[in-house]
Amino acid sequence: MDYFTAKRLFDMYGLTTDFSALAPDSIRYPPGVSIPMGLVNTPKLKQKISVDNAALAPKLENFAQMYQQMAAGLLNMSMDKLIPPGHPLYSKENSIVLLKDEKEKILKENFELKKKLENKK
């Protein structure tokens, strides 16, 4: 509201002072409440933040590495790298490949065990 409109309204209702200009635009607290003057127990807060930071830093580094690997994997979209190991869908999607690898390992172990048995006889 501009000055002249406000003056006309104040004159019409018999008001002499613009009370809206006297009230600050800051936070208003109820009467009788103690207003916080700053942070309380700053040494404890600093210690807690440093402990939290020390605990979160390795997790964030691991997340950053995982994110970079996943972002790099988006460039070459093969099924092996589309779903990360450990994900429930990883074993379903790559079950044939995993079974073939496991079969090859077992065949190699059996072959080595047969050789050891023949050498002992």
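Student: What makes Phe63, Met66, Tyr67 and Met70 a nonpolar surface patch?

Tutor: Together they make a nonpolar patch of about 440 Å². Patch residues have over 30% relative accessible area and no salt bridge, and nonpolar side chains (Val, Leu, Ile, Met, Phe, Trp, Tyr) are joined within 5 Å. A salt bridge needs a side-chain nitrogen of Lys or Arg within 4 Å of a carboxyl oxygen of Asp or Glu. Areas follow the Shrake-Rupley method with a 1.4 Å probe; for residues, only the protein chains shown count as cover.

This is a predicted model: local features need pLDDT of at least 70, side-chain atom pairs count only at pLDDT 80 or more, and totals for chains, interfaces and linings use all residues. Residues are numbered from 1 along each chain as its sequence is written, and side-chain values use heavy atoms, without hydrogens and water.

Student: Why does methionine 70 count as partly exposed?

Tutor: Its relative accessibility is 36%. Buried means under 20%, exposed over 50%, and partly exposed in between (1.4 Å probe, protein chains only). So methionine 70 is partly exposed. It sits in helix α3 (residues 42-75).

Student: Why does helix α1 lie largely in the open?

Tutor: Helix α1 (residues 3-13) has eleven residues, and the number buried is one, so it lies largely in the open. Of the 121 residues of the protein, 3% count as buried.

Definitions and conventions: Helices (H or I, at least four residues) and strands (E, at least two) are DSSP runs, numbered from the N terminus. Patches are made of residues with over 30% relative accessible area and no salt bridge: like charges are joined within 9 Å, nonpolar side chains (Val, Leu, Ile, Met, Phe, Trp, Tyr) within 5 Å.
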